[in-house]
Structures are given as structure tokens and as C-alpha cells.
Number of protein chains: 2
Amino acid sequence: MYYIGVDIGGTNISAGAVNREGELLFKKSVKTGRERAYSEVLTDIVEIIKQVQNEACIVLGDGFEHAAQSVGLGCPGSCNKSTGVVEFSGNLNWHNVPLAEDVQKGTGLPAFLENDANAAAYGEFIAGAAKGLNSAVVITLGTGVGAGIIINGKVFCGENFAGGEIGHNVISVDGPACTCGRSGCFEVFSSATGLIRMTAQAMEKNPESAMHAITQELGKISARTAFIAARQGDAAGKKVVDDYIKYLACGITNVINTFQPDCLCIGGGVCNEGDYLLVPLRGLVAKEIYTRNSEKNTEILICKLGNDAGIIGAALANVQLTINI
Amino acid sequence: MYYIGVDIGGTNISAGAVNREGELLFKKSVKTGRERAYSEVLTDIVEIIKQVQNEACIVLGDGFEHAAQSVGLGCPGSCNKSTGVVEFSGNLNWHNVPLAEDVQKGTGLPAFLENDANAAAYGEFIAGAAKGLNSAVVITLGTGVGAGIIINGKVFCGENFAGGEIGHNVISVDGPACTCGRSGCFEVFSSATGLIRMTAQAMEKNPESAMHAITQELGKISARTAFIAARQGDAAGKKVVDDYIKYLACGITNVINTFQPDCLCIGGGVCNEGDYLLVPLRGLVAKEIYTRNSEKNTEILICKLGNDAGIIGAALANVQLTINI
């Protein structure tokens, strides 16, 4: 018995077989080709699901106990879990496509839809950093700031399936413009994009900074530039890192004050900075949270599953539903 | 059959009998005398509960069907719902007092504890502005900004019963200091206290403003001052009101992006400004929310029950528990 998870990204479609415990047994990947029509991408999604089924027969044996139970689809954008319709995905240029129904028709398997950030959060919850807990908020610091929220073991998504967009909560009224139309969003400061912007600004102001040489070496200004400089003792680099951590702590404290989850997991490339990021971050949050004197407080952890979280979470996020049907 | 709700405030203890539908049948009130020891305040809480029981016999008839089923206690501070212990209440100067257990002993009734803001939110949810819906966030704009969050018909309070402290979420990093130790919290701008501070600052800068004469008339700078001036066409007063609504819209948009509830209810004195507040507020939020193009969005409403919400909500917030026991 296994569950198929599909993580539909702007670049790749990844699919895999996941057991009930959230272990990813194997995975496959194909280019999304998002410039193509929905029907063509759908054909590839159905095809990769069939490939997973075929491979499962080879890898796991083809007895009844190895049959796929369901398919979970993690997709960027507004995903209506009730209808299985992707109402809008800017990333894929999809408008009101009945993805779950189409996949169900194409594969003969019960299919469920989940927003991709929610799916990834559920993956970390069921099999990663938050395994064994009751609630978690998972924040991904990438091009933007994505988030998924798990309350009492279930994905929380509000009444219109769009809840948890904490990356677009303002932490600095009248701050720099965000892609969402607001100003000073958490995402503006705490995404990798935001870190790169702040690094570029600091480099312009500080021609003597080690960040210039580092940029030449890396070939571009990256989210690592300021961290490398700071570790070398560069004052301007250190200031960028301190500011970045200050804003990140501000946004994370807001999330903890709001949800008081068992843990808050952060993922994305910047987490490779490890304790250099995590130790001061935890220190600032501990000082700022409303419950700083409570016995029980949210643990801040680093995500463990990387890109596999999306496949695992998509596979299992709606398994209760499957079993009830 | 009825349920007793007790709203324990810094000034008054109010208690009443509530039916299953959330109708407050009658209420009583006594001064809290919060400078006294816990044991003395407890004696008064037990006494007012007994008074409610006695009055119920007179008002409702003393048959079995009129017996009190349980007591719900709404209390400011950190309230552990599982143990019934008030872990900390700065307002009442209580530390780790076993309130529910003590009330149960004193009255013979099953007693349940709830944070007072959560209780008030549940009151609005079960019998007020949010009646009949599935989820709601209730925000009270008073001395501070209090909030209660209802998800799937239940009070949401996180893993340590302290969730939903959205008044202490920063919306302006490095903004004015908040009582909680952070800077630029939602509460700093959107509480009545914040409005009064912004009014006083504007008055200092604008000696010609109508706000000075209004203040003389009212006897003090109040949360109404700037609104009265703005309605008279005073530019400085209008600017204060515009700024106040801008910050309030910012904080409310954050809450909607996060929870996407069926409705967001606002309460507190400033809501008496009615459409003068509500129309521009709704306009700004509609422009700012992440789901501005969605078919289903959160309704912004004014609370209906005033102070009764706390009694009604305390009475019923944990009634499921009562029935299961």
C-alpha cells in the first residue's frame, strides 16, 4: 500500500511513492514546460503517475498490498480543496482548471488537490522537522516567503483555501513595495530576494566592503554574499546579516504570537547558514515573543526534507479523506 | 437548562445565565476589588454564581430543566484551559491560581476556564455579529487591541493557550514602543490609546486645529476628538482619522491574509463612528488583501453584544466539554 504525491512546480513536476509513515520510497521528475497549454501539462502529470505505478510494481512487488491508494497533487496558486479546481495559478498560467478530476479520470485513482506550500509544510510535519508534534508553521525563505500551517495535525487554509499567506503580512508600514501590491511585507525583507536587495544596497553605500570581492568570486550578488562577508569580519556585511535576522525575527515573532505552534520550521537556501543564522534568530525571538515568560514556547527548527517535502506532503495531506470515502 | 458565564475584569465581575442558544437571560455585577487577595475575590465569584442560581429559580422556575449545567469563567491573562489554572494575570495580580477547581469546589458545578478575549469572541460567534458562521476573528479596539479567534466553531488558542495575540504583532518595525516590549505593534496604532496619542501629537503640531476646542468641550483628549474634528472638516483631524484607519486596515489585512475567516468583527468604542470608520476601512482592506480577486472574502463587521459577549462566551465556550464529561 502506498500513496502517490505529485509536486507541480514552475520548472519541474516531481512525483513519488510514499508509504503511510511518510517515507518517500522513490521519485521521478520531468520538466513542467509551463509555457504549454494545461492539457499538455496534464498529460505529463498523468504519465508520470503511471510511471510511478509501474516502477512501484518493479521496486515494491506487484501484489495487492503495493497498489497505489490515491494521488495527491501539490500545486502553486489558489487551490480549492473541496472541488479539486486550481482556481488561479500565476506561475502556471492556469485559470479554473479541474486538476483533481482530470487526474482522477486519467489514472483511475482518487485524486486530491493541495496548495504546494501547504503540501510541503505537511511533509515536514508528517515526516520531517515537525514529526510527532501536534502543530507547526513551516516557512520557506526563497524567491518569496511561503508558508504552510498545520493545526491539530491538519493543514489550515481558512474558508477560501487561501489562508496562511503570512509572507504578505506587512511588518513595515510604508516600507519597500512588494509584488503583491502592499508595502513592507514580511517577504520584502525575509525572502532570498530581499536579502539580495539589501546586500546590493549596502554594497553601493560601502565600496570598501568585502562583499564586492565576494560578489566577483560568486559571479553575482547572492543570498550568501553578506553572510560570507560577515563571517570574514566585514562590518557592512555584518550589518546586512544583522538587519536580515532582525526582520526575520520580527516576522517569525508575529507568527508565533498568532499561532503558538509546537514548532516553527524554516527552510530555503539561507538555512544553510546554520547556527550563524539560527542562534541570533532564536535569541531575538525569545526576547520578543509575548509568551517569553511561559514554560512552553515554540521551538524554531530547520526543515529537513528539502524538495521531497512537497511530494510527501501532497501524497498524505488528504489521506484521511481517501480512507473515509 | 442554562449555563452560567462569569466575566472577571479588572473593575467588575459580571455573571449571568445563558441558554443553549447564547441568549443572556439575566446578569448581575459586583466590583472586583482587584487589590484584594485571590481568596477574597474567589469568595465573591462563588457568591455571584450562587446569586445567579438563586435568581434563576425565581426568574425561570426551579424545576430540573432550569438547573445550571456548568460555569464558564472568562479571565484576563494566561489561562490554561486544560488545568483550569490562571497561570498569570497582570491585571488581577494572580499567579498560578487554580480558579476552575476552586469555583467547582465552591459551587458544586463543573467549571471551565477561558481567556476573557477568547470568551468575548466566542460570544460574538455564537450569538452576535458572527452568528451562524464557521470561523471568525474578533478584535477589540480598547486600551489595547484584544483578539479572539474561532476556527471551525472552536476557540483557537495554540499549544500554550496564548495564541491569537495579534495586538502584539509588529506592523511598523522600529515604530513607537509598546507595553509588551516590542516596537510598532498593531496595538500601538489601533487601540483607543494609540488613537489618543496620535491625536495629542497632531494637536501639538497644529495649534489652529478644531481638535483643541473639541478637547476643551470633552474635558480631555479622547478617541472621539479627531473623528469629531474630521466630521467638521478640520484638516489635521481628518489626517489623524485617515492615519488611524490606514494602520487599522494594515493590521486587519494581515489578520485576513493569515486566517481567511468568514468574518472579522471589530468592537470597542471607536466602532460607534459607524460608517465613517467602516466604509474607508473596508475599502482599504479590499484593496490590500492577498485574495482581492477571490470570489469569497472575509466580511468586516461591527460587534453586536458589547460587554455581554464575555459572559455569553464564557458560559458556552467549553460546553462541549461539559457534555462529554
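1. Is Asn93(B) buried or exposed? At 58% relative accessibility, Asn93(B) counts as exposed (over 50% is exposed, under 20% relative accessible area buried, in between partly exposed, with a 1.4 Å probe and protein chains only). Asn93(B) sits in the loop between strand S6 (85–89) and strand S7 (94–97) of chain B, and its phi is positive, near 60°, in a residue other than glycine.

2. Some housekeeping. This is a predicted model: local features need pLDDT of at least 70 and side-chain atom pairs count only at pLDDT 80 or more, while totals for chains, interfaces and linings use all residues. Residues are numbered from 1 along each chain as its sequence is written, chains are lettered from A and ligands numbered from 1 in the order in which they are written, and side-chain values use heavy atoms, leaving out hydrogens and water.

3. On to the two chains.

4. The whole structure has 2 cavities of 30 Å³ or more (a cavity is a set of points on a 1 Å grid over the protein atoms alone where a 1.4 Å probe fits but cannot get out; lining residues have an atom within 4 Å of a point). The largest cavity holds about 190 Å³, a volume being the space filled by probe spheres set on grid points joined across faces, edges and corners. Of its 20 lining residues, those closest to the centre are Asn169(A), Asn254(A), Asn169(B), Asn254(B) and Thr258(B). Helix H8 (235–259) of chain A and helix H8 (235–259) of chain B each supply at least two lining residues (helices are DSSP runs of H or I, at least four residues, and strands runs of E, at least two, numbered from the N terminus).

5. Helix H5 (residues 192–205) of chain B has 14 residues and reaches 20 Å between its first and last C-alpha, close to the 20 Å expected at 1.5 Å a residue (1.5 Å times one less than the number of residues). Its buried residues include Leu195(B), Met198(B) and Ala202(B).

Methods: 1 Å grid on protein atoms, 1.4 Å probe; cavity = no way out; pocket = protein on both sides within 12 Å on 5 of 7 lines; lining within 4 Å.
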